[in-house]
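Take them point by point and find each spot as you read.

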Amino acid sequence: MKVVPPFRALDPALAAAERLLADARLSTVVAALPDEHVAAARLNDVLAECGAGPRLRAVGGEWRVVYVAAARRDTELVVAAGGLASLVAVAGWRRLKCCDTCGTPFVDRTNGCTRRWCTPHRPRA
């Protein structure tokens, strides 16, 4: 059974993440996919650089958020990277995607995980 992440609980962290996915540090995370271990290492590097405590760890084929001692700085990047780590722990990496049209990274919040375009290129109904 596929899990739909608790998007309401993860906002505003995911909203900040979507704004900052174009940031050079976070864009390297999505660019590393489909290699989840490299993407996790890059996200953990961003979290460490920002002084955030959460880290992603692979445990038994799943991703978990673990906390390490860190000198946390209250920045939007800390919130964004922490939100991405929580999303991956709940739903895996499949919700972090790049737009089919322009390559811009985004978070797929659809129930079926079917979104293929960033907001500006999303087809209108």
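1. Let's start with a word you'll need: contact means heavy atoms within 4.5 Å. Helices (H or I, at least four residues) and strands (E, at least two) are DSSP runs, numbered from the N terminus. With that in hand, look at L43, V46, L47 and C50 in helix 4, which meet L77, V78, A81, G82, L84 and A85 in helix 5. By class, this contact has nine nonpolar residues, one polar and no charged ones. (Ala, Val, Leu, Ile, Met, Phe, Trp, Tyr, Cys and Pro count as nonpolar, Asp, Glu, Lys and Arg as charged, and the others, Gly among them, as polar.)

2. Before going on, keep in mind that this is a predicted model: local features need pLDDT of at least 70, side-chain atom pairs count only at pLDDT 80 or more, and totals for chains, interfaces and linings use all residues. Residues are numbered from 1 along each chain as its sequence is written, and side-chain values use heavy atoms, with hydrogens and water left out.

3. How do helix 4 and helix 5 sit against each other? They pack at an angle of about 145 degrees, with their axes 9 Å apart. Axes here are lines fitted to C-alpha atoms, for helices over the stretch in contact, and angles run from 0 to 180 degrees between N-to-C directions. The crossing of these two helices is left-handed, meaning that the near helix is turned anticlockwise from the far one by less than a right angle (clockwise would be right-handed).

4. Now for the other helix pair. The axes of helix 3 (residues 24-32) and helix 4 (residues 36-50) come within 7 Å and cross at roughly 165 degrees, so helix 3 and helix 4 are roughly antiparallel to each other. The cut-off for that label is over 145 degrees. Their crossing is left-handed too. On the helix 3 side, R25, L26, T28, V29, A31 and A32 meet V38, A39, R42, L43, V46 and E49 in helix 4. Those residues divide into eight nonpolar, one polar and three charged.

5. Zoom in on T28, which is found in helix 3. T28 counts as partly exposed because its relative accessibility is 31%. (Buried means under 20% relative accessible area, exposed over 50%, partly exposed in between, with a 1.4 Å probe and protein chains only.) T28 and V38 are 10 residues apart along the chain, and their C-alpha atoms are separated by 9.6 Å.

6. Two backbone spots deserve a look. Most residues other than glycine have a negative phi, and most peptide bonds are trans. The peptide bond from L33 to P34, however, is cis, with omega near 20 degrees, and P34 lies in the loop between helix 3 and helix 4. C113 has a positive phi, near 55 degrees; C113 lies in the segment after strand 4 (105-107) and counts as buried at 11% relative accessibility.

7. Which two residues form an aromatic pair? W63 and W93 do, edge-to-face, at 6.0 Å centre to centre with 90 degrees between the planes. (Rings of Phe, Tyr and Trp, its six-membered ring, pair if their centres lie within 6.5 Å; planes under 30 degrees apart count as stacked, over 60 as edge-to-face and the rest as tilted.) W63 is in strand 2 (residues 62-67) and W93 in the loop between helix 5 (76-91) and strand 3 (96-98), 30 residues apart. Both are buried.

8. Last, R57 in strand 1 (residues 54-59). R57 is partly exposed, at 37%, and its contacts include N44, E62 and W63.

Note on methods:
Parallel < 35°, antiparallel > 145°, perpendicular 65-115°, else oblique. Lists of a residue's contacts leave out its neighbours within four places in sequence.
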